[in-house]
Amino acid sequence: MNEHEGVWVFIEQNNGDIEGVSLELLGAGRKLADKLSVPLSGILLGMEIKSLAAKAISYGADQVYVIDDPVLKDYRTESYMKGVIMLAEKYKPEIFLYGATANGKDLASAVATDLSTGLTADTTMLDVDVEKRLLEASRPAFGGNIMATILCKKHRPQMATVRPKVMKALEPDNGRKGKIIEEKIELSESEMRTKVIKIVKDITKKVKLAEADIIVAGGKGLGDSKNFELIHELAERLGGTVAGSRDVVEAGWLPHEQQVGQTGETVTPKIYFAIGISGAIQHIVGMKNSELIIAINKDPNAPIFDVATFGIVGDALEIVPKLIEQFKQIRIETGGEVSYVGKI
Ligand code: FAD
């Protein structure tokens, strides 16, 4: 096991760019690599993707292993797994991180099985025990009632998938220097058992909470589904997206895809309104990294105020209609985008 050294991040790319979660993982991986005093490497596979290696370096990688081959044009478990395993067996990393995306999860589990090593899925915190050279990968366990820190003591590499939007990417530094190491894959298209005929884009109008700039979230404090209409009205006025707590989803006021929290979505909007939401830890883990949090709650001791940037203590049923009224009057145009400011 001592021959294994270095922290690796799988650089997922789609449509000619690196996925956000991979940049976030380079930020998290940088900290682990610095603590262990080892290099941070990016693993970049695809076709005509070599130019993305410089971006990975600007986000913190010391070096990027690149396999650029037509057989890697579209993601397929078989070809990506083969390329990644070849690299892992040749260069022997001690830690290997992947984004918990559909492809990241698929690849990580296939690689872990082939390399006979452990994999912690859907990690939300990462640290390292430098003395023992052990990755400490933490995630909610037993239905979210505890945080479990999972170690992989006997096998290498220690692998984890990490949820998007949980880690922070570093500010890119375009002057950063790094190495690009090109490798080849011994695999031809005729050996492949699967073919990608067509990629069908998701054109459904599903709410994409993770991408929203303004989120107006309501909780059980609204009282009933009729009052919850106020949340929709405020969101519409602000050009925001509606979300809610789990209790609201369980009451049937919102579909599950609009739930924020541990068993829902993790969000990082510019503005997050938490209205009539108590601020249970399971809710807070999903929204605490929002840039600005505005909480409205009639209980001054509600835990949501511990994470709020601004707090309004009072009855949401009186305050929200006033906000809607105010935002009708105050409207600022900013270069195509519309944003709002106002005082209550
Ligand atoms: P409540 O806790 O009932 O809070 C209502 C709040 O509204 C109170 O603070 C009250 O003071 C305030 N209020 C009441 N009337 C008014 C009014 N008129 N004006 C203003 N304020 C008012 N929860 C999530 O949200 N997301 C998750 O992903 C999630 N996952 C979970 C996973 C597990 C394993 C478990 C055990 C729980 C999970 N929960 C989750 C549930 C969580 O513990 C809380 O029960 C839930 O977040 C509470 O929802 P709430 O704040 O809307 O309701």
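Hi everyone! Let's start with a distance: the centres of domain 1 and domain 2, taken over C-alpha atoms, are 34 Å apart. Please keep in mind that this is a predicted model. Where are these two domains in the chain? Domain 1 covers residues 7-191, and domain 2 covers 209-340.

Now, how do the two parts meet? Seven residues of domain 1 are in contact with seven residues of domain 2. Putting the domains together buries about 620 Å² between them, and carbon and sulfur atoms give 34% of that area. What about polar contacts? Between domain 1 and domain 2, three residue pairs are in polar contact, counting pairs with both residues at pLDDT 80 or more. As for salt bridges across this interface, the rule finds zero.

Let's go inside next. In soluble globular proteins, nonpolar side chains tend to be buried together. Here, the largest nonpolar core has 33 residues. Which residues have the most contacts inside this core? They are Val7, Leu26, Leu44, Val64, Leu97, Leu126 and Leu135. Helix 1, residues 20-36, provides the largest share of the core, with seven residues.

Setting aside neighbours within four places in sequence, Leu26 is in contact with Val9, Ile11, Leu40, Ala56, Tyr59 and Ala61.

Technical notes:
Residues numbered from 1 in each chain as written. Predicted model: local features only at pLDDT ≥ 70, side-chain atom pairs only at ≥ 80, totals over all residues. Heavy atoms only, no water. Core = buried A, V, L, I, M, F, W, Y, C linked by side-chain atoms within 4.5 Å. Buried < 20%, exposed > 50% of the residue type's maximum accessible area, 1.4 Å probe, protein only. Helix = DSSP H or I, 4+ residues; strand = E, 2+ residues; numbered from the N terminus. Contact = heavy atoms within 4.5 Å. Domains from an automatic or database assignment. Buried area = accessible area lost by both parts, 1.4 Å probe. Salt bridge = Lys/Arg side-chain N within 4 Å of Asp/Glu carboxyl O. Polar contact = N/O pair within 3.5 Å; in protein donor to acceptor, adjacent residues only side chain to side chain.
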